[in-house]
Amino acid sequence: MARFLWRLIDGVETALLLIASLGLFALMTLTFIDVSMRSVLNASVQPATELTRILMALVVFASLPSLMGRGEAIIVDLLDPLARRLRLARFQQGLVDLFCGIVLFWPARRLWVLVERARDHGEVTEFLQIPQYLVLGAIACAVVITGTVTIARGVLTLFFPHLAKE
Amino acid sequence: MVSALVGLACVLVMVFLRVPIAFAMGFVGVLGVAHQRGGLLETSSYVPAITLAARQIADTTQDYGLSVIPLFILMGLFISKGGLSRELYNLGNVFLGHLRGGLALATVVACGGFSAICGSSLATVATMSRVAIPEMRRFGYDDRLSSASVASAGTLGALIPPSVVLVIYGILTETSIGKLFIAGIVPGVIGILFYMGAVRWVVLVNPEAGPPGERHGWSERGRALLSVWAVLLLFFIIIGGLYGAFDFPPLNLTFSPTEVAGIGAAGAFLIAFGRGRLSLRDLFEVLRDSARTSAGLFMILIGAALFSAFVNLAGLPEALVGLVTGYDLPPLVVIAIMAVIYLLLGCVFESLSLLLLTVPIFFPVVVALGFDPVWFGIFVVVVTEIGMLTPPIGMNVFVLQASMGDISAATVFRGVTPFWVADLIRLTLIILVPGVVLILL
């Protein structure tokens, strides 16, 4: 069961990172094509700005769960040797993860309010008429997933350290 | 002002307790805004604060201008994968390798060249260390000199354009990124010259540290120069595009930083692909790493924006401006005090976090004193990059150690001292002669 769960987590992480990678490649290609067309043919890709904005959100939020799940956020580890010597490192790491995960649910709830507002107001992007609530909804979901992953990491670190290492 | 100082202290405590910097700044920022909006015990005051956080998350990640960040990171990683570092190193080697300490000089020049197409000092160190250090070892160079030359010259990655740190400073302070890039060129070249001076000093004191290598003929030098055409072309397009070098009929091209980043990333991709250095797996790895690094940076940007909102609401910048003008301190003394604060905090924080934490507080003071925002951007990058070499955090040193595996951090820190002194001289020059920064503008 545990093995199946890890494979599932691995699969979801790879899928999200694949989405982020494709998004970034599309962002690069779009910017290049837009600039080239504007410079050479004097004809820009009109929805380029709104697509860039959506692709950026995709890149950032599809990679965020992996970033937090692997504990790769930028930290200051100056006191790590002291924490290790006092045998507090695992306890400290677990609590920090729990804190970060819980904190993420604050804006996630508020983001959901913004999603509902955008849907009620019928906000859409200028050229492609993409509903804004879909983008905001995806951001809110990604924040919730990241929060859940970070809390899970904290719980594993505190109570099941052998699983956390995997 | 007191609440902002308490908030700053809370951020420092949380950061030392290993809370990610983005979360520490964001959390304190939200609490601070709530405090300013009605008090921490008032439930209703949290609504605007958390709404601000939610808006900041949604807006920052969809800000068109910020697309330069993932694109420049992507460009740097493509360049690293493309193997251009070896050609750059070879170019330095054929011209300088025969001198005493020549391979270390070549390393400094190659790092400077690599910085011109890569926007990060950490990426420069990670890439150049694998190319330069084995070669210097082959010629019997002292590990202290070889590792310190890479770790120090790697800091140029954040200064010589394109630079991700300068982009972030530009966005944070609404300063022209194009001007910041142009302003980084002369201090970057001065950095190369001063680091070369540091290498010469080391081999003057201890000639055994850097024995001379082989002398190369002019035909070989010509071939080496031709082999770096891709680097030169990319740098020319980036800087030329920003500087308006192609703004003549029939081209009439001037690029914004976002456009340059897109062209640079696509160009770097084509170079790496054209050189056969990019398998499908490599491509995925580069894209994945760029996306993850960008996500980390965006988190810090969001955290910094929230902390900045709190600091501004609490009136800390105005209070500092009042303090400085009240005591009638000469502007240079204020800058010297800031430099000391940066050098001390640089021992603890990596450069980007330090920049994001301090610029919202210091920038209004500096502007009120009449300093040029572009000059301050270069000053901040130079002074924070010194921290990348300073124990105990010295990120460049640890990246080099991780990249090489068999060089201790203590060895690098010992070797870095002359380069650190060179950095301090350069910083003093930038403070006393602002013209070296602004000359090309």
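Biologist: Which residues are linked with E13(A) in a network of salt bridges?
Modeller: This is a predicted model. In it, the side chains of R70(A) and E13(A) meet at 2.7 Å, N to O. That pair belongs to a network of salt bridges, whose other members with E13(A) are R70(A), E72(A) and R292(B).

Biologist: How many residues apart in sequence are the parts that R70(A) and E13(A) tie together?
Modeller: R70(A) and E13(A) form a salt bridge. R70(A) sits in the loop between α2 and α3 of chain A, while E13(A) is in helix α1, so the pair ties together parts whose separation in sequence is 57 residues.

Biologist: Is E13(A) buried or exposed?
Modeller: The cut-off for buried is under 20% relative accessible area. R70(A), at 45%, is partly exposed. E13(A) has 14%, so E13(A) is buried.

Biologist: What does the salt bridge of R18(B) and D80(A) join?
Modeller: The closest N and O atoms of R18(B) and D80(A) are 2.8 Å apart. Both residues are buried. R18(B) lies in the loop between α1 and α2 of chain B, and D80(A) in helix α3 of chain A, so the pair joins two chains.

Biologist: What is the relative accessibility of R288(B)?
Modeller: R288(B) forms a salt bridge with D289(B), at 3.2 Å between the closest N and O atoms. D289(B) is partly exposed at 30%. R288(B) also counts as partly exposed, with a value of 23%.

Biologist: Why do the buried residues of α15(B) line one face of the helix?
Modeller: The buried residues are L316(B), P317(B), L320(B) and V324(B). On the other side, E318(B), T325(B) and G326(B) are exposed. The buried ones line one face because, seen down the axis of α15(B), they fall within an arc of 100°.

Biologist: What covers the buried residues of α15(B)?
Modeller: α15(B) spans residues 316-326. D328(B) follows the helix with a positive phi, near 55°. The cover of the buried residues includes four helices of chain B: α1, α14, α16 and α17.

Biologist: Which residues does T146(A) touch, not counting those up to four places away in sequence?
Modeller: T146(A) is in helix α5 of chain A. Its relative accessible area is 1%, so T146(A) is buried. Beyond its sequence neighbours, T146(A) touches L64(A), P65(A), M68(A) and L104(A).

Biologist: How far apart in space are R275(B) and V421(B), C-alpha to C-alpha?
Modeller: R275(B) lies in the loop between α13 and α14 of chain B. R275(B) and V421(B) are 146 residues apart in sequence. In space, C-alpha to C-alpha, the distance is 39 Å.

Key. Residues are numbered from 1 along each chain as its sequence is written. Chains are lettered from A and ligands numbered from 1 in the order in which they are written. This is a predicted model: local features need pLDDT of at least 70, side-chain atom pairs count only at pLDDT 80 or more; totals for chains, interfaces and linings use all residues. Side-chain values use heavy atoms; hydrogens and water are left out. Buried means under 20% relative accessible area, exposed over 50%, partly exposed in between (1.4 Å probe, protein chains only). Contact means heavy atoms within 4.5 Å. The arc is that of the directions from the helix axis to the C-beta atoms. A salt bridge is a side-chain nitrogen of Lys or Arg within 4 Å of a carboxyl oxygen of Asp or Glu.
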